[in-house]
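Subject: Structure handover, with notes on its salt bridges

Dear colleague,

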Amino acid sequence: MLRARLTFGLLPLLLLFLLVCLYAFRTTQELGATVEDVLGRNFHSIQMVESLRASLNRMDTALNAIRPGIASDARRIVDEERARFRERLSAELLNLPPPGRAELLMRIDTAFSGFAAAAEEQLRFPGLGALTAEGSAFLAVNGALDALRAREDRKSTRLNSSHSQQSRMPSSA
């Protein structure tokens, strides 16, 4: 009789404990999936920044190699890379980025427009001093890309450090 009362008295507590365990397990899985999703998007974003930087550097290299009368290869490279840069940046802007990131992307877009105009001027009139305008516009785009990359790096560092596994070995061992 006493055994039956104890069993039936503890049974609700056991069920409650199992429900809490299931809830904790499910919540942990959802949080892990969320972190993986954010880190995946962050990785994609960093890849996009690096591809924009590569296009910018190829355009800058082509513009620096221009000599009067020999601008056809530079024109082709600049046109191809400008189209790639615009395509990648437009795709990123169409993804409806969060507010802080959207401002940085708009800053990159504005700086790149200045770079593209200076590059076009240099292609039209090589050697007439457009190099300084192109150089300062290049630095503006590069600075905006650096700011976006730093923002994304901070986010991934913050997520990775908050979910790092601690060593079981004591530091004195």
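This is a predicted model: local features need pLDDT of at least 70, side-chain atom pairs count only at pLDDT 80 or more; totals for chains, interfaces and linings use all residues.

Residues are numbered from 1 along each chain as its sequence is written, and side-chain values use heavy atoms, with hydrogens and water left out.

The structure contains 15 salt bridges, a salt bridge being a side-chain nitrogen of Lys or Arg within 4 Å of a carboxyl oxygen of Asp or Glu. One of them joins the side chains of Arg-58 and Glu-81, at 3.0 Å from N to O. Because Arg-58 belongs to helix α1 (residues 2–64) and Glu-81 to helix α2 (residues 72–94), this pair ties together parts that are 23 residues apart in sequence. Helices here are DSSP runs (H or I, at least four residues), numbered from the N terminus.

Glu-81 is buried, at 4% relative accessibility, whereas Arg-58 is partly exposed, at 39%; buried means under 20% relative accessible area, exposed over 50%, and partly exposed in between, with a 1.4 Å probe and protein chains only.

Glu-81 also forms a salt bridge with Arg-84, where the closest N and O atoms are 2.4 Å apart, and these two residues of helix α2 are 3 residues apart, about one helical turn. Arg-84 is partly exposed, with a relative accessible area of 34%.

Best wishes
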